Amino acid sequence: MNTSQNHFGRRIAAAVLLIALLLAAVIVSLVVSTKDFRKEPAYAKPATSTTQPATTAKPAAEPKEAKSSNSEKADGKPAPDSKTEQNEPDGKVIYLTFDDGPGPYTAKLLKILKKYDVPATFFVTNQFPEYQDLIGEEAKDGHAIANHVYSHTYSRIYADPHAFWTYYNKMNKVIEKQTGYKTYLLRFPGGSSNTVSRYFETGIMKALSKECKKRGITYVDWNVDCNDAGGANTSDAVYYNLINGVQQMTREKQPSVLLCHDIHPQTVNAMPRFIKWARSHGYTFELLSPNGFTVHMEIAN
Ligand code: ZN
């Protein structure tokens with residue numbers, strides 16, 4: 001009896017132990033699983049545990065977009081990026097330049113520029129002699145007049161340096177007649193990096209650019225092309241080429257020198273929208289001058 005009682009007691013003890021163990025197991029598994037549940041919000045946790053960097057990271061990312069597109073002043077937060085940006089106002093300057101005119105759309109462009117009070121630099125030619133008077137109008141309105149050479153026919157102007165300077169001087173006379181002053185600002189037709197001149201005279205662009213220095217002439221290329229002479233046939237295409245190019249220059253902390261042609265209607269029609277965009281994003285418009293900012297491409301001939 002004693003032994004069987006003992007036996008019975010041991011059995012109960014074993015059963016209690018088992019139940020206790022089972023209970024313990026259940027409790028442990030519950031704790032673990034709730035921990036796991038807590039880990040789920042842990043998607044948010046990396047963010048919550050780094051709550052401060054997360055909230056500061058957010059504005060840091062937003063000004064990044066806003067920086068190139070919007071005023072840094074709006075959020076006074078000194079995000080490191082916008083701080084350097086503020087020290088580099090160059091990235092917020094636009095030089096609007098129009099080549100190849102004056103022509104049939106120039107008068108409309110002048111009205112737009114006057115309405116928005118925006119200065120531009122005109123690189124003029126004599127391709128449309130009947131519009132020559134508009135060079136005077138451009139100057140009267142406070143725009144800068146620069147030489148883009150009397151003719152735009154590459155085979156003539158790049159035949160040899162003498163030919164080039166003859167066409168250059170001829171245009172300067174027209175400019176002087178229209179404005180009363182000489183210009184020392186030049187843009188080579190096709191830009192200084194053009195390769196088309198190779199067909200007519202090897203090394204002519206090198207020679208001409210050196211000669212510019214001797215003559216005290218500043219030549220200016222561009223760093224943003226609206227591509228209206230290429231595939232940009234609509235105002236939308238011109239507009240997006242311009243704003244994309246300007247934003248890229250802002251990222252590089254460079255002023256933007258825009259290549260546009262006032263002989264293309266889609267370019268003139270894109271201007272109000274572009275000017276509004278630029279103004280609302282903190283850009284200012286400036287005139288090119290012989291002693292001011294210039295941009296040079298790599299000479300390829
Ligand atoms: Zn041109």
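Analyst: Strands are DSSP runs of E with at least two residues, helices are runs of H or I with at least four, and both are numbered from the N terminus. The model discussed here is predicted.

User: In which segment is Ala300 found?
Analyst: Strand β8 covers residues 284-285. Ala300 is found in the segment after β8.

User: Which residues does Ala300 contact, leaving aside its neighbours within four places in sequence?
Analyst: Ala300 lies 8.3 Å from Gly203, C-alpha to C-alpha, although 97 residues separate the two in sequence. Once the neighbours within four places in sequence are set aside, the contacts of Ala300 are Ser193 and Thr195.

User: How many helices and strands does the protein chain have, and what percentage of its residues is buried?
Analyst: The protein chain has 11 helices and 8 strands. Of its 301 residues, the buried share is 33%.

User: Are the helices α5 and α11 roughly parallel or roughly antiparallel to each other?
Analyst: Helix α5 spans residues 106-116 and helix α11 spans residues 265-280; their axes come within 9 Å and cross at roughly 10 degrees. Angles under 35 degrees count as roughly parallel. The relation of α5 to α11 is therefore roughly parallel.

User: How many nonpolar residues does the contact of α5 with α11 have?
Analyst: On the α5 side, Lys108, Leu109, Ile112 and Tyr116 take part, and they meet Val268, Met271, Pro272 and Ile275 in α11. By class, this contact has 1 charged residue and no polar ones, and its nonpolar residues number 7.

User: Are α10 and α11 roughly parallel, roughly perpendicular or oblique to each other?
Analyst: Helix α10, residues 235-251, packs on α11 with the axes 8 Å apart and at an angle of about 45 degrees. Angles under 35 degrees count as roughly parallel and those from 65 to 115 as roughly perpendicular. Helices α10 and α11 are therefore oblique.

User: In which hand does α10 pass α11, and how many polar residues does their contact have?
Analyst: The crossing of α10 past α11 is right-handed. From α10 the contact includes Val238, Tyr239 and Leu242, and from α11 it includes Ala270, Phe274 and Trp277. By class, there are 7 nonpolar residues and 1 charged residue in the contact of α10 with α11, and the polar residues number 4.

User: Which residues touch the most other members of the largest nonpolar core, and which element gives the largest share of this core?
Analyst: The largest nonpolar core has 56 residues, and those touching the most other members are Ala146, Val224, Leu242 and Leu258.

User: Is Asn227 buried, partly exposed or exposed?
Analyst: Asn227 is found in the loop between β6 (224-225) and α10. Leaving aside neighbours within four places in sequence, Asn227 is in contact with Ala232 and Asn241. Asn227 has 17 C-beta neighbours inside 10 Å and therefore counts as partly exposed.

User: Which peptide bond is cis?
Analyst: Most peptide bonds are trans. Pro102 is found in the loop between β1 (93-99) and α5. With omega near 0 degrees, the cis peptide bond is the one from Gly101 to Pro102.

User: What is the phi of Asp117?
Analyst: Asp117 lies in the loop between α5 and β2 (121-124). With 10 C-beta neighbours inside 10 Å, Asp117 counts as exposed. Most residues other than glycine have a negative phi. Asp117 is not a glycine, yet its phi is positive, near 55 degrees.

User: Is Lys253 buried, partly exposed or exposed?
Analyst: Lys253 is found in the loop between α10 and β7 (256-261). Although not a glycine, Lys253 has a positive phi of about 55 degrees. Because it has 14 C-beta neighbours inside 10 Å, Lys253 counts as partly exposed.

User: How far apart in space are Glu252 and Asp90, C-alpha to C-alpha?
Analyst: Glu252 has its place in the loop between α10 and β7. Glu252 is partly exposed, with 13 other C-beta atoms within 10 Å. Glu252 and Asp90 are 162 residues apart in sequence, and their C-alpha to C-alpha distance is 9.7 Å.

Terms used. Residues numbered from 1 in each chain as written. Predicted model: local features only at pLDDT ≥ 70, side-chain atom pairs only at ≥ 80, totals over all residues. Axes fitted to C-alpha atoms, helices over the stretch in contact; angles between N-to-C directions. Parallel < 35°, antiparallel > 145°, perpendicular 65-115°, else oblique. Contact = placed C-beta atoms within 7 Å. Nonpolar A, V, L, I, M, F, W, Y, C, P; charged D, E, K, R; others polar. Left-handed = near helix turned anticlockwise from the far one by under 90°. Buried ≥ 20, exposed ≤ 12 C-beta atoms within 10 Å, placed from the backbone. Core = buried A, V, L, I, M, F, W, Y, C linked by C-beta atoms within 7 Å.
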